[in-house]
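Colleague: I have a structure open and would like to learn how to read it. Could we go through it feature by feature?

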Amino acid sequence: MAFQKPPGTQDFLPGAVEKWQYVERVARDICRRFNFREIRTPIFEMTELYKRGVGETTDIVEKEMYTFTDRGDRSLTLRPEGTAGAVRAYVENKLYGEPDLTKLYYIGPMFRYERQQAGRYRQFHQFGIEALGAVDPALDAEVIALGYAFYTEVGLKDVRVEINSVGTPAVRAAFRERLLAFLEPKREILCKDCQSRMDRNPLRVLDCKVDQHHFEGAPSILESLDEECRTHFEALQRHLTDMRIPYVINPRLVRGLDYYTHTAFEYKAEGIGAIDTIGGGGRYNGLVADIGGPDQPGVGLGLGLERTVMLLESQGAQLDNLHQVDVYMVGLGEAADREVTRLLHGLRMRGIAAERDYQGRKMKAQMKSADRLQVRFTAILGDDELQRGEIALKNMATGEQKFVTLDGLADAILNG
């Protein structure tokens, strides 16, 4: 072929895209119940937004962003994550002026130039939520609970919740010194990424997937929490327990973004190669001010939809026939064929998924097409039935066939 899709991207074809529609439908319904409202932001933003919002020492900004200069000599970047753009929209549109919390959700593509592996793509898709305007740890727990409910309701099994507190900038500064004292003697045996992070952002060293065995006995940030951070973290745990959300504390969980304060969390599940993190998030109390808005607190999450769909498939979740066609119409004879066209449109206007043949095939071939579509009913109209004002309606699950009036066809399908 002359053209192929770019590396790290996918074509979502009929048969597969219905699984995505199902997952997105569950996400939207859960957000409705939790009173989160949808926001849609540009796929690209000013590059500086991500440098300030995500953090210049993160892998995303240093290695993974798709950045380009437009014809106005402006540096723009395809969005690598959803929070910075949502917070920018919150500030630019002065949503902070509303008396109630701002609770937002988004579903869409993100872009990162990274090594391709199972469940990791250069164009990937996230379902994310952001709740802005309150410091209450009950809101942190609500965000975690929403993500857990999403995974449960789409049908995933054995999803684990891990939580940690990453404190405040002051707490992290004190912990940084203790951590560096532990890491410095090991510098030469750590991987190059860890050595680089030690100089720029040592907390990220604990996130390394290569050198975990060297961190046995490392100090825990939980030991460095001040009274405010400890109280917040303990309250979060009480709220999760009250909601019966199972969780474990992972003191090495730091997340890959610089803006987190207090709560950090991840969802984990086995089944996608070496990757077990399928989503996560945390609190970001300083981000709104960093982007140029008032000092408003926030908390949110981002869940990878590729990994969600892959896990559903690997766990054998029953996602067959998500594209349900209710009835396949067959017209035998010229006059009957014209009537099928009228009936077909009428059924669709009543909310019934209906299909017919357009290729001039014999009845046997049309019935095979109905079988492939796994329709609920077939409706066969011949010239004799047309003269009587009736049509043969067959229930494909039971094999039962009956004649119904042409005007009563829609009701018979809806009530069947």
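Colleague: How are helices α1 and α5 oriented to each other?

Modeller: Let me say first that this is a predicted model. Two packed helices are described by two values, the angle between their axes and the distance between those axes. Here helix α1 (residues 17-33) packs with helix α5 (residues 137-154) at an angle of about 140°, and their axes are 10 Å apart. Angles over 145 degrees would count as roughly antiparallel, and those of 65 to 115 as roughly perpendicular; α1 and α5 are therefore oblique to each other. Their crossing is right-handed.

Colleague: And how do α1 and α10 lie relative to each other?

Modeller: Helix α10 (residues 305-314) packs with α1 at an angle of about 110°, with 11 Å between the axes. The two are therefore roughly perpendicular to each other. Again, α1 passes α10 in a right-handed crossing.

Colleague: Let's turn to charges. How many salt bridges does the model have?

Modeller: The general idea is that side chains of opposite charge can pair when their charged atoms come close. The cut-off here is a Lys or Arg side-chain nitrogen within 4 Å of an Asp or Glu carboxyl oxygen. By this rule the count comes to 27 salt bridges. Some are joined up: D29, R32, R33 and E153 are linked in a network.

Colleague: Which parts does the pair R350 and D411 tie together?

Modeller: In that salt bridge, the closest N and O atoms are 2.8 Å apart. R350 lies in the loop between α11 and β13 (354-356), while D411 is in helix α14 (residues 409-414), so the pair ties together parts that are 61 residues apart in sequence. R350 counts as partly exposed at 43% relative accessibility, and D411 is also partly exposed, at 37%.

Colleague: What about E339 and R342: where do they lie?

Modeller: Both lie in helix α11, three residues apart, which is about one turn of the helix. E339 counts as buried, at 14% relative accessibility, whereas R342 is partly exposed at 47%.

Colleague: And is D357 buried or exposed?

Modeller: D357 counts as buried, with 6% relative accessibility. Its side chain meets that of R361 in a salt bridge of 2.7 Å, N to O. R361 is partly exposed, with a relative accessible area of 26%.

Colleague: One more: which residues make the nonpolar surface patch?

Modeller: I43, F44 and F68 make a patch of about 260 Å². I43 lies in the loop between β1 (37-38) and β2 (44-46) and is partly exposed, with a relative accessible area of 36%.

Colleague: Before we stop, how far is M349 from G133?

Modeller: Their C-alpha atoms are separated by 44 Å, and the two residues are 216 apart along the chain. M349 belongs to helix α11 (residues 334-349) and is exposed, with a relative accessible area of 59%.

Technical notes: Residues are numbered from 1 along each chain as its sequence is written. This is a predicted model: local features need pLDDT of at least 70, side-chain atom pairs count only at pLDDT 80 or more; totals for chains, interfaces and linings use all residues. Side-chain values use heavy atoms; hydrogens and water are left out. Patches are made of residues with over 30% relative accessible area and no salt bridge: like charges are joined within 9 Å, nonpolar side chains (Val, Leu, Ile, Met, Phe, Trp, Tyr) within 5 Å. Accessible areas come from the Shrake-Rupley method with a 1.4 Å probe; for residues, only the protein chains shown count as cover. Helices (H or I, at least four residues) and strands (E, at least two) are DSSP runs, numbered from the N terminus. Buried means under 20% relative accessible area, exposed over 50%, partly exposed in between (1.4 Å probe, protein chains only). Axes are lines fitted to C-alpha atoms, for helices over the stretch in contact, and angles run from 0 to 180 degrees between N-to-C directions. Angles under 35 degrees count as roughly parallel, over 145 as roughly antiparallel, 65 to 115 as roughly perpendicular and the rest as oblique. A crossing is left-handed if the near helix is turned anticlockwise from the far one by less than a right angle, and right-handed if clockwise.
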